[in-house]
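Please keep the structure open while reading.

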Amino acid sequence: MQPLTKRSKVVVNKEMSLYERIYLPAIFSGMMITFSHFFKKKPTIQYPEQTREFSAVYRGQHVLKRDDNGAERCTACGLCAVACPAEAITMTAAERKPGEEKLYREEKYAAVYEINMLRCIFCGDCEDACPKEAIFLTDRKVNSELNRKSFVYGKNILVEGVEKDKRVDVSKRQTPGVLEFKKHKQFEHNR
Amino acid sequence: MTLGYVIYKLVLAVIVFAVTLLIAMYSTYAERKVAGFLQDRLGPNRAGWFGILQPVADAVKLFMKEEVIPSVSNRTLFIVAPGLSLLTACMTGVVIPWGTSITLFGTSYSLQVTDLNIGILYLFGVVSIGVYGIMIGGWASNNKYSLLGAMRASSQMISYEVAMGISIIALIMTTGTLSVGQIAAQQQGWHWNVLVQPLGCLIFIICAFAETNRAPFDLPECEQELVGGYHTEYSSMKMGFYLFAEYINMFVSSAVISTFYFGGYNMPFVGRFIHDGNLLAILGVVFLFAKIFFGIFFFMWVRWTIPRFRYDQLMNLGWKTLIPLSILNLVLTGAWMMRHEILSVFIK
């Protein structure tokens with residue numbers, strides 16, 4: 001029969017020789033193996049000071065984008081909530097009042113937008129589903145919290161700041177393929 | 001006995017006690033560090049510089065923990081047992097010669113707290129009492145795991161004490177003394193006893209591992225079978241005492257092995273270059289401690305390399321291998337010492 005690996009070995013139940021029965025040589029060679037590990041490079045990452053290098057398209061904590069004028073892009077269409085396989089997203093829509101044009105880009109907006117970070121599996125389907133390029137996953141990690149309720153992130157955490165320096169760069173997640181696809185306005189959800 | 005003599009002995013005893021405790025304390029740190037490095041980890045490195053304050057943090061934690069005394073336990077014995085364990089562990093340090101002697105203001109001060117002429121017997125007596133701490137603790141807990149652990153510990157220690165004793169008898173035959181101080185003094189230069197008694201040394205080291213309940217002989221506390229062994233019911237600093245006693249025992253065992261077989265405070269070659277007595281004595285202490293630290297490292301190294309014995313394997317090794325070997329060693333030593341008399345029988 002073909003052996004499955006190169007390391008496979010036929011087990012023989014033969015009598016041990018005196019050399020093997022003393023055990024000391026085997027113990028000594030074993031101790032040399034552990035001792036050699038004493039000087040090996042340690043793979044530990046000292047977390048708070050050092051961080052693991054992330055992929056450029058890492059899927060971490062979400063961001064709700066604003067447009068160039070600082071108005072929220074989200075129109076509370078609910079496609080992200082429908083797309084979400086973990087059912088982590090909930091939202092309540094509201095109608096834009098006159099005078100709020102600076103705050104919300106379209107005439108409908110999300111009054112409440114919540115993502116349960118404990119339910120979220122960070123698949124990125126919400127991002128794919130969004131017709132307005134409003135939600136993106138970023139390379140930020142979700143912090144630890146002391147209770148479950150704190151993991152339900154509302155708009156106060158999710159929406160990016162208006163100021164230039166508080167904007168979250170998502171250009172890495174806007175892959176050329178995605179951008180190209182979103183140009184095709186004949187698709188309903190790209191309009 | 002003058003007042004100065006009393007003060008000197010008192011100071012020496014306190015220093016030995018303090019150093020023993022300090023080393024035991026840092027052995028816990030060293031153990032975790034060595035274990036980490038042998039397993040490609042870093043070990044504790046957060047509390048202080050390189051984690052140097054870790055033992056302090058551990059001690060504070062143990063003191064702060066809730067003290068649980070089971071209601072079904074024998075309260076007095078339950079409290080006495082860890083103390084007994086720690087006490088006997090600390091008592092062994094007094095007969096070990098830490099160095100030759102230091103001359104101050106014309107008086108010579110020996111660096112051995114007391115050179116009993118039956119030092120080895122004292123050492124064995126105290127080590128044997130150490131079993132009581134474990135046995136009483138396990139029995140007083142009124143828990144079957146504790147009792148099983150305690151029984152294992154005591155039967156293991158009694159079995160291995162036999163082989164240890166016989167291997168030591170061979171050493172006593174060659175050195176001709178029961179005084180630990182004299183045994184150390186006889187090993188001037190390279191005349192280490194390990195070269196005279198290699199088999200005895202090996203048996204002694206193996207038995208020392210069993211006596212200190214360290215891996216691969218740590219059956220009394222083997223987690224898979226016995227939860228925590230004899231200290232299952234213990235918490236807070238009482239449990240700390242047991243763990244601490246183990247590390248003190250390890251330190252003392254290393255010191256005893258170094259003194260009996262590896263020349264103690266004697267250093268080869270150094271005597272030729274340095275003639276100042278005090279400096280030589282201090283160098284001797286440093287050299288002894290270097291040997292002891294290597295011994296402690298060796299204990300840890302073995303613990304993190306070799307898996308635990310099964311109980312029957314442990315008993316087989318003790319009674320069927322080590323005791324016959326130590327008796328063989330005894331007979332060979334005797335035959336070698338009497339070789340002229342034996343030969344004269346045949347060549348008459």
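The expected span is taken as 1.5 Å times one less than the number of residues, and helices (H or I, at least four residues) and strands (E, at least two) are DSSP runs, numbered from the N terminus. This is a predicted model, in which local features need pLDDT of at least 70 and side-chain atom pairs count only at pLDDT 80 or more, whereas totals for chains, interfaces and linings use all residues. Residues are numbered from 1 along each chain as its sequence is written, while chains are lettered from A and ligands numbered from 1 in the order in which they are written.

Of the 26 residues of α10(B), 23 are buried, a residue being buried if 20 or more other C-beta atoms lie within 10 Å of its own, exposed if 12 or fewer, and partly exposed in between, with C-beta atoms placed from the backbone. Just after α10(B), B:Gly263 adopts a positive phi of about 85°.

Leaving aside neighbours within four places in sequence, B:Phe204 is in contact (C-beta atoms, placed from the backbone, within 7 Å) with residues including B:Met164, B:Ile257 and B:Tyr261.

In chain A, an open sheet of three strands has the order β2-β3-β5 with antiparallel pairing, where two strands pair if DSSP finds at least two bridges between them. Strands β2 and β5 of chain A stand at the edges, each with a single partner strand, so one side of each is left without a neighbour in the sheet.

| Strand pair (chain A) | Residues | Bridges |
|---|---|---|
| β2 and β3 | 89-95 and 108-116 | Seven |
| β3 and β5 | β5: 152-153 | Two |

Within β3(A), A:Glu114 is the bridge partner of A:Thr90, and A:Asn116 stands opposite A:Val152 in β5(A).

Finally, eleven residues of chain A are in contact with ten residues of chain B.

Technical notes. Contact = placed C-beta atoms within 7 Å.
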